[in-house]
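Reader: I'd like to go through this one with you and ask what stands behind each label. Can we take it step by step?

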Amino acid sequence: MSVENAPVVDVDEAAIPVEKKMYYRFESNDKKEFRVSELAIQQSETLNRLVEAMGYTSEDVENKPAIAIENIDGKTLKLVFQWCEHHKGEAIPVDDGSVPKIVEIPEFDAKLMDIDNGLLFKLIWAADYLNIVQLLNVSCKKVANMAQGKTPAQLRRVYLLPSDEEDEAAKRAAQEAQDPRAREVEEEFEERKRQGGNSFF
Amino acid sequence: MVENRTFQNPRNQARARRYSFLEKMRIARSKRTRRSCSYSSRLSETEASQVDAWFQSFLTVCTEIVNLYMSWLLGSGIFIPSAIYTLYTGGHSRDDAVAHLLRSHEFAPEHFPRVDYRDVDFWYNSFRNKNFDLEQKPEYPNDLTRLENLPVLDKVLSNVGSEDQQKLRLVCHKFKHFIDSERKLIKTIRIQLNSDSVNLLIECGITQDIICTAYKRSEAGCEIIRDGETVTSKNNFIDAAMEDFKSANQRTDTKITSLLIISSKGDPNDEDRTMFFSKIGQTLSEVKEKVYVESLLMKDENVDELEIILTGIKPGRLSAVFMQTRSTDETDLTRIVDKNQHWQYLKQFHASSQIDDLKLDTIAHMDTVRISTTSEYSAQELLDYKIVNMNPSELFKQF
């Protein structure tokens, strides 16, 4: 995707000072490109270290290929960068136990995370992967809040979790799909067992 | 110089042998250099160009061998783990390691493959767990849209209340196994100070097993009685109890549904009492993270002692405080009400002592409050705050 056509994450223009700021380019695994401000990147420990180590100049950013983030798709990455842009410049919480951790979900975050569970879990995964401490805190809190006062059956529905029986059946189906001979061997083994043979071979 | 040296002991003789060997090597090397110089001066131009051509073809062969070796190394599967291992042992953080590896890829894309964060995470975790087998094949979850595949499941669970966590155990085997293996759920811890002993009861939130231990004062130190067996210790009975109390609390994210701290009516002496509470305060401050307690019950304690305990508890988690003070007349709870960091998160507050000058908005966020107060309120105020006036001297608020 060309730079001109790249979807640009909404940026609060008023918040950008007059001096020239650098915008880094990132590419998701489905080849969607994002331009993210230097300040917003600081929310991600991983990306921040990465751009520091790369030592890109403004020209490099434009001329070199976008930095690829292989295992996050465009939809998730868009949410991540929206969050980073909104919270740019904010202090990153230190997670060393020295400060009591009380996680409150701000209104913007609550709205951002008003998405289907699959995408929410992907967002958590991306926040962990990119080491965005506060996004990880609020998203984990959101998932935890979903458990409040639910029965185990409701929890299965809320978290899209299979029951043990469904899980076993899915595993068996996957195994069979991988090795069609396995089922035959298993049936043969069962048959021999029924016939009273102790040894399969 | 060498000849003049004397080497009497075996160590010095060995040194002499080594010295003479190095000396011989130096002489041989200088002879070889002189000889090669004389050869080159005797070579004709044709011969010299032939030597150059041989040398060039030798270099080409060497480069081929190096390239073959590099291809083998890249395909062997231990190239990247080895690089990551070097960064790990060099003390680089996970993010630094990824940045360095990506930089290497950027400089030599044909010789250095692009590395994924997942690779670094996999190998760093493996090395941290003392597994240094570089031939392992990293495995990654395929479906990231499933909760059970999240690498931060423990972080999600740390935000879940103990009751909900119990229910999550029943959802599937995977969750049950995960929660049980963490062993971070305690239903009750009850610690009671008597005149000459401390009783500690710990009820596991997973298996419901109960461990009761008595620590009795003795001349030599104390006797520890558990499961009918008595063990003697040189420690003071309070110190011995605190060791076990600490070990129950020291794992981070351990959730305690109820913490009960009781001073028996058997009237422990003031010295023991002061020591008991200062040790509890010390123990709670020594654990890595503040203790997660959902409900705190204190019996026969005063406000100072309540404050010591509250300081050691994680704010935002404590939702109920039940306090039965020793002497109601002397206790002033006003410094707890609305001023303590736990206050805004409390849903239940019951206290036997009197609170002067209680403003109703300070308790408006709670579900139930049972306290005594000397303050007077209008009927409208009581209606506004849904207060049920059970008794002229006692306020009871319940939604």
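Reader: Where does B:Leu170 lie?

Author: Bear in mind that this is a predicted model. B:Leu170 is in the loop between α7 (162-169) and α8 (173-182) of chain B.

Reader: What makes B:Leu170 count as buried or exposed?

Author: Its relative accessibility does. The cut-off for exposed is over 50%, and B:Leu170 comes out at 54%, so it counts as exposed.

Reader: And which residues does B:Leu170 touch?

Author: Leaving out residues up to four places away in sequence, B:Leu170 touches A:Pro152 and A:Arg156. Contact here requires heavy atoms within 4.5 Å.

Reader: How many residues does each chain bring to the contact?

Author: Chain A brings 44 residues and chain B brings 38 residues. The buried area between the two chains is about 4000 Å², with 60% of it from carbon and sulfur atoms.

Reader: Why is the pair B:Asp96 and A:Arg49 called a salt bridge?

Author: The rule wants a side-chain nitrogen of Lys or Arg within 4 Å of a carboxyl oxygen of Asp or Glu. For B:Asp96 and A:Arg49 the N to O distance is 3.3 Å, so the pair passes the rule. Across the interface of chain A and chain B, the rule finds one salt bridge. As for polar contacts, the count between the chains is eight residue pairs, both residues at pLDDT 80 or more.

Reader: Which elements give two or more residues to the side of chain A that touches chain B?

Author: Those are α2 (45-54), α6 (117-129), α7 (133-145), α8 (152-158) and α9 (164-178) of chain A. The most comes from α6(A), with seven residues. By type, this side of chain A divides into 21 nonpolar, nine polar and 14 charged residues.

Reader: Over to chain B, then. Which residues of helix α11 are buried?

Author: In α11 (residues 303-311) of chain B, the buried ones are B:Val303, B:Glu305, B:Leu306, B:Ile309 and B:Leu310.

Reader: How do you know that the buried residues of α11(B) line one face of the helix?

Author: Look down the axis: the buried residues of α11(B) fall within an arc of 155°, so they line one face. They pack against β6 (255-263), α10 (270-286), β7 (292-301) and β8 (320-325) of chain B.

Reader: What does chain B have in the way of helices and strands?

Author: Chain B has 12 helices and 12 strands. Of its 399 residues, 39% are buried, meaning under 20% relative accessible area.

Key
Residues numbered from 1 in each chain as written. Chains lettered and ligands numbered in written order. Predicted model: local features only at pLDDT ≥ 70, side-chain atom pairs only at ≥ 80, totals over all residues. Heavy atoms only, no water. Buried area = accessible area lost by both parts, 1.4 Å probe. Polar contact = N/O pair within 3.5 Å; in protein donor to acceptor, adjacent residues only side chain to side chain. Helix = DSSP H or I, 4+ residues; strand = E, 2+ residues; numbered from the N terminus. Nonpolar A, V, L, I, M, F, W, Y, C, P; charged D, E, K, R; others polar. Buried < 20%, exposed > 50% of the residue type's maximum accessible area, 1.4 Å probe, protein only. Arc of directions from axis to C-beta.
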